[in-house]
Amino acid sequence: MTGTDRYPHIFSPLDLGFVRIKNRILMGSMHTGLEEAEGGFERMAAYYAERARGGVGMIITGGFFPNREAGYGSKLGNEDDAAQHRLITAAVHGADAEVKICLQILHTGALAGTDQCVAPSAVKSRIGRFTPNALDEAGIEKQIADFVQCARMAQLAGYDGVEIIGSAGYLISTFLVEKTNLRTDQWGGSWPNRMRFALEVVRRVRAAVGERFMLIFRIAAMDMLDGGLAWDEIVSLAQAVESAGANIISTHFCWHEAPVPTIATMVPRAAFAQVSGRLRRELGIPVITSNRINMPAVAEEVLARGDADLVSMARPMLADPELVNKAAQGREDEINTCIACNQACLDHTFGGRQQVSCLVNPRACNETRLNYLPTPEPKRIAVVGAGPAGLAYATVAAQRGHRVTLIDAAAEIGGQFNLAKRIPGKEEFHETLRYYRRMIALHGIALRLNTRADATALQAEGFDEVVVATGIAPRLPALAGISHPKVVPYIDAILGRRPIGAKVAIMGAGGIGFDVAELISHSGASGALDVAVFAREWGIDFQNHPRGGVTGVLPQTAKAEREIWLMQRKADALGKTLGRTTGWTHRLTLGRRGVHMVAGVDYLAVDDAGLHTLVDGQPRLFAVDTVIVCAGQTPLRRLYDDLLALGVKASLVGGAFEAAELDAKRAIDQASRLAAEV
Ligand code: FAD
Ligand code: NAP
Ligand code: SF4
């Protein structure tokens, strides 16, 4: 059975009459930071062209602003701007003439991050930097005219259409919702008045670009706002947008300010597609769904259920530009799956670090800079340690033609990812391990498991290069009573090797401290694997009752069965080092389960009574049964030192190189770059 037989819905073209989309997977819009970078258009051209060659049916670019009020960054407003965009459209159409590319017009309204930002009313967003300037009638007309001009320039630049974003708390959506639109003129008040701005934008863009140009409108099919849009309003908006001239409705979920996770790894796959499905049944034009659809089988199921006509995958296209071709060719096991960590993509965008990439694929957005070219001089390379660093190194080196032997003391590949995958909400880590298992077979890497490497034996084998990726050793702080039976290192806690009591102190509140708190405070099914559990935990009503689809009251998260204190020495609020776009979800979840967060702790001793500390300088005893230590790590370099002592040339990657602040993003990035050079 070929991939196209296995995924009949994905591989059936969508005919809009004047245009044909060759399959049902599109690359959703993602700001990459290249939009504003030096040489960014050349780099975007390479980035999008690689995805076009990878088989996707349609691409939506990252957002471009129609004017300066709309946001800082790259604007498309005149013919000079349009000339730059030709690099992108020519590259994509040159890569595959059948692939369509649409430009997203992004007007961020009150979230624009400039004191010139505009909105229907001067209502500051919870997450905005400035109170927006309320638009007067002339200002509204100017904004609409700028949308139209941007669409005309997109057409001139050779795009196949535009996507107008009418959701997320951006300008258009703030006209729709009562709490951000306090106007009493024709642009506010009644529902027809609040819809007027969206409909005028669509109507006038359609009039300017003619009938043979795609116009996609992105709508919040649930906005997750207390007092947000009611279902009948959403349906009537979508129907009116259809009548005003849109060809496709793209469904979005949530405003950025809503405290509900919609794309993090704790969100079940395709959780929101059912909402798109209900809307689709009310419309005559095709509907796009999105959010946590990361593998072809998930997309096929969504399409087969009739929940959408097209499936948008944005981050999965960063992780693997060839995803669609691999599905078509029955090579799904070669897909490098997006694990929804946000660490190298959205955390960079929202952290102001601009340039986006991908934790599992550091080539993303670096297509002109990082390439794994065939080596002219194949070498025999031993890679010791099959954690993320060793796996990435071995895969890239072998793919380039080197003969690689990968050695690990453990019975399975993965290193610490085998701990991460046990944390509820981190099940996607299994996919990364599946991908690497397949890469090992595909590239003929000789794998030796259950083998502790030793310097003398490695020397005797005469490898040209030895790469030491032996990772880390967990830090055990020098503390009176650190060998007390109630002290448990995090590895033992996660692997269930030691019993955990009813009262627990977790020493250290970095990523691992939070993960351990999640693991031991959790009971029942993982919300990431069960939509009903996820909905209950976050107070989501997928039927959009009441308005917004959220109850507005505290979600019904069960209190933990244990009493848990999560602690750190720093005086800061806990969780500040967690991911920018996901840290808040962990803080909220643990807080709702009743986990105590204690900062400013000096650890003094552990004994039968518990953990003795000073908190803010005051003595305090935590009468706990178990103290789980999550106090960071130190590099494991014994093998490296032994190799150097024998005069064997060796290099270090990953945690073995530097343990402080090491995460898988840095481990994979560093290892891939080194292996690209060897
Ligand atoms: P490791 O993963 O530690 O791998 C080292 C390997 O070397 C091991 O397999 C070990 O068996 C092997 N080895 C050691 N010595 C020898 C020897 N002498 N001979 C043979 N083999 C040897 N990072 C993120 O970016 N995002 C996350 O969400 C995330 N979650 C995490 C959750 C948990 C619970 C944990 C524990 C870690 C998490 N991390 C996360 C951190 C991430 O897993 C590490 O940064 C990463 O695994 C480091 O990779 P590495 O290859 O350097 O080392
Ligand atoms: P970490 O984030 O560096 O946290 C270590 C914790 O230990 C901190 O709370 C630190 O805070 C404390 N600590 C450090 N030295 C100590 C000492 N001598 N005594 C007592 N406490 C000490 O490291 P980690 O939690 O071990 O995680 C390792 C890596 O994996 C990190 O880079 C992390 O980003 C990554 N990771 C990421 C995720 C994710 O979801 N993105 C999840 C897990 C892990 P104080 O010094 O204030 O006490
Ligand atoms: Fe997906 Fe993480 Fe890569 Fe972003 S960084 S695309 S979330 S795997």
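Helix H18, residues 511–521, contributes the largest share of the shell around ligand 2, with three residues. The model is predicted. In total, 21 residues surround ligand 2. The closest are Ala509, Ile512, Arg569, Lys570 and Leu662. By class, the shell splits into seven nonpolar, seven polar and seven charged residues.

Oxygen atoms of ligand 2 approach polar atoms of the protein at several points. At Arg569, a polar backbone atom lies 2.8 Å from an oxygen atom of the ligand. Arg569 is also one of the closest residues in the shell. Side chains take part too. An N or O atom in the side chain of Gln633 is 3.1 Å from a ligand 2 oxygen. For the side chain of Lys426, the corresponding distance from an N or O atom to an oxygen atom of ligand 2 is 3.2 Å. Taken alone, ligand 2 exposes 890 Å², and the protein buries 78% of that area.

Strands S22, S23 and S24 were examined next. S22 (residues 601–607) and S23 (residues 610–615) run antiparallel and are joined by six bridges. A hairpin of two residues connects S22 to S23. S23 also pairs with S24 (residues 618–622), again in the antiparallel sense, over five bridges. Here too the strands form a hairpin, with two residues between them. Asp616 sits in that turn and has a positive phi of about 50 degrees.

On one side, His612 stands opposite Ala605. On the other, His612 stands opposite Leu621 in S24. In a regular strand, side chains alternate between the two faces of the sheet.

Notes:
Residues are numbered from 1 along each chain as its sequence is written. Chains are lettered from A and ligands numbered from 1 in the order in which they are written. This is a predicted model: local features need pLDDT of at least 70, side-chain atom pairs count only at pLDDT 80 or more; totals for chains, interfaces and linings use all residues. Side-chain values use heavy atoms; hydrogens and water are left out. A residue is near a molecule or strand if one of its heavy atoms lies within 4 Å of it. A polar contact is a pair of N or O atoms within 3.5 Å; within protein, one must be able to donate a hydrogen and the other to accept it, and residues adjacent in sequence count only if both atoms are side-chain atoms. Accessible areas come from the Shrake-Rupley method with a 1.4 Å probe; for residues, only the protein chains shown count as cover. Helices (H or I, at least four residues) and strands (E, at least two) are DSSP runs, numbered from the N terminus. Ala, Val, Leu, Ile, Met, Phe, Trp, Tyr, Cys and Pro count as nonpolar, Asp, Glu, Lys and Arg as charged, and the others, Gly among them, as polar. Two strands pair if DSSP finds at least two bridges between them.
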